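Visitor: I have a sequence and a model open here. Can you walk me through it?

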Amino acid sequence: MTSDEISTRTRHEVIVIGAGVSGIYQIKRLTDLGIDAIVLEGDDDLGGTWYRNRYPGARFDSESYTYGYSFSKEVLAEWHWKERFSAQPENLRYLNFVADKFDLRRHMRFNSRVEQMTWHDDTSEWHLSLTSGEKYIARFVIASLGPLSQPTLPSYPGMDAFAGESFHTFHWPKEPVALEGQRVGVIGTGATGIQVISVIADQVAELKVFQRRPNWSSPLNNAAISADEMQAIRDRYDEIFENCKNSPGGFEHLPDWRGFWNFTPEERHARWDQLYTESGFAILASNFAEIFFDEKANAEISEYIADRIRGRVDDPATAEKLIPRDHGFGMQRLPLETRYFEAYNLDHVHLVDLSETPIDHVTATGIQTTGEHHELDLIVYATGFDAITGGYDRINITGVDGATLADKWRSSPRTFLGMLTNGFPNLLMVAGPQSASGSTNFPRAIETGVNWVTDLVHHATETGTTRIEATAEAEDEWVDEVIRAHERMLFRRSKGWFTGYNSNVKGHQEGTIRYQAYFGGAPQFSARIDACAASGYEGLELV
Ligand code: NA7
């Protein structure tokens, strides 16, 4: 290698970390502008969430045609979403289709896990070290780490001693997993557990669901999309993306502002009967807006959904155990399901209520609760993620004057617009903490974030700016705004990843609220970041 080759290999204007949904679009935008940029991806291929989550049942909860990228008319014209809520294999094919169409793989370095990033103020550059020992230098680093990319496991004694197969859903093997004739235990009933349980219930010999707390869940109402229907969707794409842009959740579902209390209970129930049959998040996002702010309104919709559960589960005692008591409907991230509740009507599916009989330890042959020993061949941990900030905590990020990001964010993240954080110049975040991405239709927010970050980097390269930092004052103001938006919502004290709760991560347990996402809605967020750019980036110090 000549010294020139070495320098182009190790030094870049921009390094993007992560080749998932956001990294793919990010590298497209940068290279289109002729900016020298590469992507470093820890995994051995692209796709992020959709590369990893191969468990049966993994699929979009967003309508497929609102999940896909909007940036390319050609992609929109060529791609046929086969299902209203597309499943993981197809989603991964889609991401590969996009990457291959624009020849983006040549900018990606796989098996390149960044373990350390250190800011050098004298040269205004980031120095990055990979687990392989390779080193890179970049003017700007764009973190597209994924909000749910760090799976977390419980720490029950004996987990390693289990003789059968066991894995977190995020690490579901690429090779087919034998389920027929197997006694399977699933721990966790979040969005993932609910998806996997619904699909494997019919396939296994026995299924034990280890539930610590039930989650509210409502029907996904998936359906195939025919060629004709897909053409009609294509014809409507401009309208679809415009609708998503203008809705708080980034979906086509629009909140009902007609006033919960302007209708009789019978009228409200009739409306909910309709919404229960509609697709995706309709029952949440198209419901009366009061269900998010008004306890009485939320209690009424919760009771309505509880009755739906009672109507679908044959055994009344099991039905009651599946109804959440500690939070109202929609107060944690709502899992969507397909015949989840009916799974409990199968003779070989059993709900193990951990609130009555907690897990004591894992044995070589199963799980020992305080009640009994459950013999198992396979254990699936659907136990969630170190959400939103976990990806950042896994990299040792050292900013100005040796301060670490992990320390700064220990009790809660602090950012300016979810895009930058004071003390860590030239670190730009796509879908970062306190952006709207965690709280809205993710890819829509990703495109917004990527476009904003790209414009900022482009502005810097055009103007010779070498150092960009959010001011402490601007950050304080944004954090206040994030907290205000959060405090308006009823879910503000609920135990879910929206509020930073994870019983398996030190410091994230019950009672510690982390302000992880901006809950003011997608339109407000876009208006706020656009205003910042239009003002010449007020709140940022550009040198
Ligand atoms: P979630 O929603 O965080 O759910 C994790 C589940 O695992 C939840 O039911 C937890 O119960 C349960 N859990 C976690 N640790 C334990 C232990 N130690 N013992 C028993 N049960 C446990 O993660 P998901 O993967 O389902 O969903 C994440 C997101 O991915 C989802 O919102 C979508 O956006 C896609 P707990 O509630 O803590 O009592």
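Predicted model: local features only at pLDDT ≥ 70, side-chain atom pairs only at ≥ 80, totals over all residues.

Visitor: Ligand then. Which residues come nearest to the ligand?
Guide: Tyr 156, Thr 192, Arg 213, Trp 497 and Tyr 501 come nearest, out of 21 residues around the ligand.

Visitor: How far is the side chain of Thr 192 from an oxygen atom of the ligand?
Guide: A side-chain N or O atom of Thr 192 is 2.6 Å from a ligand oxygen. Arg 213 has a polar side-chain atom 2.8 Å from an oxygen atom of the ligand. Ala 382 takes part through its backbone, with a polar atom there 3.3 Å from a ligand oxygen.

Visitor: What percentage of the ligand's accessible area does the protein cover?
Guide: The ligand has 780 Å² of accessible area on its own, and the protein covers 86% of that.

Visitor: And the shell, how many nonpolar, polar and charged?
Guide: The shell residues are 10 nonpolar, 8 polar and 3 charged.

Visitor: Back to Thr 192. Which helix has it among its buried residues?
Guide: Helix H7 does; its buried residues include Thr 192, Gly 193, Ile 194 and Gln 195. The helix spans residues 191–200 and is mostly covered, with 8 of its 10 residues buried.

Visitor: What covers those buried residues of H7?
Guide: The cover includes strand S8 (183–187), strand S9 (206–211), strand S11 (336–337) and helix H14 (340–343).

Visitor: Different topic. How many residues in the largest nonpolar core?
Guide: There are 64, and the residues with the most contacts inside that core are Val 14, Trp 81, Ile 142, Tyr 237, Leu 420, Trp 452 and Leu 540. Helix H17 (residues 442–463) supplies the largest share of this core, 7 residues. There is also a second, separate core of 61 residues, which includes Trp 172, Val 209, Phe 251 and Val 349.

Visitor: What does Trp 81 touch?
Guide: Leaving out residues up to four places away in sequence, Trp 81 touches Phe 60, Ser 64, Tyr 65, Gly 68, Ser 86, Asn 91, Tyr 94, Ile 225, Met 230 and Tyr 237.

Visitor: Now Phe 329. Buried or exposed?
Guide: Phe 329 counts as buried, at 0% relative accessibility. Its place is in the loop between helix H13 (316–321) and S11.

Visitor: A loop residue, then. What does Phe 329 touch?
Guide: Beyond four places in sequence, its contacts include Trp 216, Ser 218, Ile 283, Leu 284 and Leu 334. Ser 218 is 111 residues from Phe 329 in sequence, yet their C-alpha atoms are 9.7 Å apart.

Visitor: Where is Thr 369?
Guide: Thr 369 is in strand S14 (residues 366–369). With a relative accessible area of 2%, Thr 369 counts as buried, because the cut-off for buried is under 20%. A polar atom of the Thr 369 side chain lies 3.0 Å from the backbone nitrogen of Gly 371. Among the residues Thr 369 touches beyond four places in sequence are Phe 210, Val 352, Asp 360 and His 374.

Visitor: And Ser 494, where is that found?
Guide: Ser 494 is in the loop between helix H18 (472–487) and helix H19 (522–534). Ser 494 is buried, at 10% relative accessibility. Not counting residues up to four places away in sequence, Ser 494 touches Met 331, Gln 332 and Thr 499.

Visitor: Backbone now. What is the phi of Asn 111?
Guide: The phi of Asn 111 is positive, about 50°, although Asn 111 is not a glycine. Most residues other than glycine have a negative phi. Tyr 537, also not a glycine, has a positive phi of about 65°.

Visitor: Where do they sit? First Asn 111: buried or exposed?
Guide: Asn 111 is exposed, with a relative accessible area of 52%, in the loop between strand S3 (108–109) and strand S4 (114–120).

Visitor: And Tyr 537, buried or exposed?
Guide: Tyr 537 is buried, with a relative accessible area of 7%. The loop that holds Tyr 537 runs between H19 and strand S20 (540–542).

Terms used. Residues numbered from 1 in each chain as written. Heavy atoms only, no water. Near = heavy atom within 4 Å. Polar contact = N/O pair within 3.5 Å; in protein donor to acceptor, adjacent residues only side chain to side chain. Areas by Shrake-Rupley, 256 points an atom, 1.4 Å probe, with all protein chains shown as cover. Nonpolar A, V, L, I, M, F, W, Y, C, P; charged D, E, K, R; others polar. Core = buried A, V, L, I, M, F, W, Y, C linked by side-chain atoms within 4.5 Å. Buried < 20%, exposed > 50% of the residue type's maximum accessible area, 1.4 Å probe, protein only. Helix = DSSP H or I, 4+ residues; strand = E, 2+ residues; numbered from the N terminus. Contact = heavy atoms within 4.5 Å.
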